[in-house]
Amino acid sequence: MIVVTTPTGQIGGQLLDRLLDAPDTAGRLRVIARDPARLSRRAREEAEVFQGSHADPRVLAAACADADRVFWLVPPAPGTDSVEGHFGAFTDALCEVIGAGSVRRVVAVSTLGRGVAKNAGQISASLAMDDRISATGVHYRALCPPFLMENLLGQAGAIRDRGEFRLTMTGDRVVRTCATRDIAATAARLLLDDSWTGQGDVPTVGPDALTTEGMAEVISEVLGRTVRVRWTSPEDYATALRAHGASKAWAEGLADMTRALEEQDFYGPAAHPTPTTAPTDFHTWCEEVLRRAVTP
């Protein structure tokens, strides 16, 4: 039995579709969803649905009863009063279930930066989560992407209307990227494979070594008009997040994360491409995903 968390999210939704399409998964899929109405009709019909949050120990325990595999992703919580507390609450629930139940394998979405990232907000919290889960002894794979291409979708309106997007990385900074579909595909392969054991990271780094200016050039080429990248400071980024309703803790955590990315450079050239786990290049993603998002 496979349990999928965040089944309506960008990664979890694509993963669930892959698992539903896979042979021999009929009757072997469970999902935990806060709002089951957001699931596809197929998912509601073919997977067993547990309503609630996977931070709730009772909901998670019920979903994981007699299940041996779990896809794990801690969702963002812009309103939280503690980044560490947010990740900790989810991790507590999972560790409790692992200790008491049948779960043997966990595939989670984490991040690059292990052994490098310091005081990096949400990244540090995610890496601490990995350490706690690994310490239970469960077979564990942490999928470790750099900058997600889908992060740009939140700026689709600015790209369309003003011909610009904003990043906290400077224009000459190389930023490795990854498409969420590649994370979902890698997670599906691992969840359907019962041969791997132990704990380890699985980097998911796309093939490009683009600067942020280079990303703007690719977007311009795909859209057929000039699009520029504007640098924004971590402080201004935090202020903008607060203006859109984020808590002080969440905004400051993301500001700390962006400072770490700029100063410690663990999303840059040292992050080598992993074509097996992240084959999608930025140009292809812009053609197939971003273009649709910005086209009226």
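Where does Leu153 lie?

1. Leu153 is found in the loop between β7 (147–148) and α6 (156–162); helices (H or I, at least four residues) and strands (E, at least two) are DSSP runs, numbered from the N terminus. The model is predicted, so local features need pLDDT of at least 70 and side-chain atom pairs count only at pLDDT 80 or more, while totals for chains, interfaces and linings use all residues. Residues are numbered from 1 along each chain as its sequence is written, and side-chain values use heavy atoms, with hydrogens and water left out.

2. With a relative accessibility of 26%, Leu153 counts as partly exposed (buried means under 20% relative accessible area, exposed over 50%, partly exposed in between, with a 1.4 Å probe and protein chains only). Residues up to four places away in sequence not being counted, Leu153 touches Gln10, Trp285, Val289, Leu290 and Ala293, where contact means heavy atoms within 4.5 Å. From Thr239, 86 residues apart along the chain, Leu153 is separated by 20 Å between C-alpha atoms.

3. Leu290 also belongs to the contact of helix α11 with helix α8. Helix α8 (residues 212–223) and helix α11 (residues 282–294) pack at an angle of about 60°, and their axes are 9 Å apart. Axes are lines fitted to C-alpha atoms, for helices over the stretch in contact, and angles run from 0 to 180 degrees between N-to-C directions. The two helices, α8 and α11, are therefore oblique to each other; angles under 35 degrees count as roughly parallel, over 145 as roughly antiparallel, 65 to 115 as roughly perpendicular and the rest as oblique. The crossing of α8 past α11 is right-handed (a crossing is left-handed if the near helix is turned anticlockwise from the far one by less than a right angle, and right-handed if clockwise).

4. On the α8 side, this contact is made by Met215, Val218, Ile219, Glu221, Val222 and Leu223, and on the α11 side by Phe282, His283, Cys286, Glu287, Leu290, Arg291 and Val294. By class, the residues of the contact of α8 with α11 are nine nonpolar, one polar and three charged. Ala, Val, Leu, Ile, Met, Phe, Trp, Tyr, Cys and Pro count as nonpolar, Asp, Glu, Lys and Arg as charged, and the others, Gly among them, as polar.

5. How do the axes of α4 and α5 cross? Those of helix α4 (residues 83–100) and helix α5 (residues 122–135) come within 10 Å and cross at roughly 15°, and α4 and α5 are therefore roughly parallel to each other. Their crossing is right-handed. Val83, Phe87, Gly88, Thr91, Asp92, Leu94, Cys95 and Ile98 of α4 meet Gln122, Ala125, Ser126, Met129, Arg132 and Ile133 of α5. The residues of the contact of α4 with α5 comprise eight nonpolar, four polar and two charged.

6. Thr277 is placed in the loop between α10 (248–264) and α11 and, at 12% relative accessibility, counts as buried. Its side chain reaches the backbone oxygen of Pro203 at 2.7 Å. Beyond residues up to four places away in sequence, Thr277 touches Asp182, Thr186, Arg189, Val202, Pro203 and Thr204.

7. Two backbone values deserve a check. Most residues other than glycine have a negative phi. Asp66, in the loop between α3 (57–64) and β4 (69–72), has a positive phi near 65° and is exposed, with a relative accessible area of 68%. Asp265, in the loop between α10 and α11, has a positive phi of about 60° although it is not a glycine; at 23% relative accessibility, Asp265 counts as partly exposed.

8. Which side chain does a polar contact of 3.1 Å join to that of Asp265? The partner is Arg173, in the loop between β8 (164–167) and β9 (177–178). A polar contact is a pair of N or O atoms within 3.5 Å; within protein, one must be able to donate a hydrogen and the other to accept it, and residues adjacent in sequence count only if both atoms are side-chain atoms. Residues up to four places away in sequence aside, Arg173 touches Leu210, Thr211, Thr212, Glu262 and Asp265.

9. Arg18 lies in helix α1 (residues 10–21) and, at 42% relative accessibility, counts as partly exposed.
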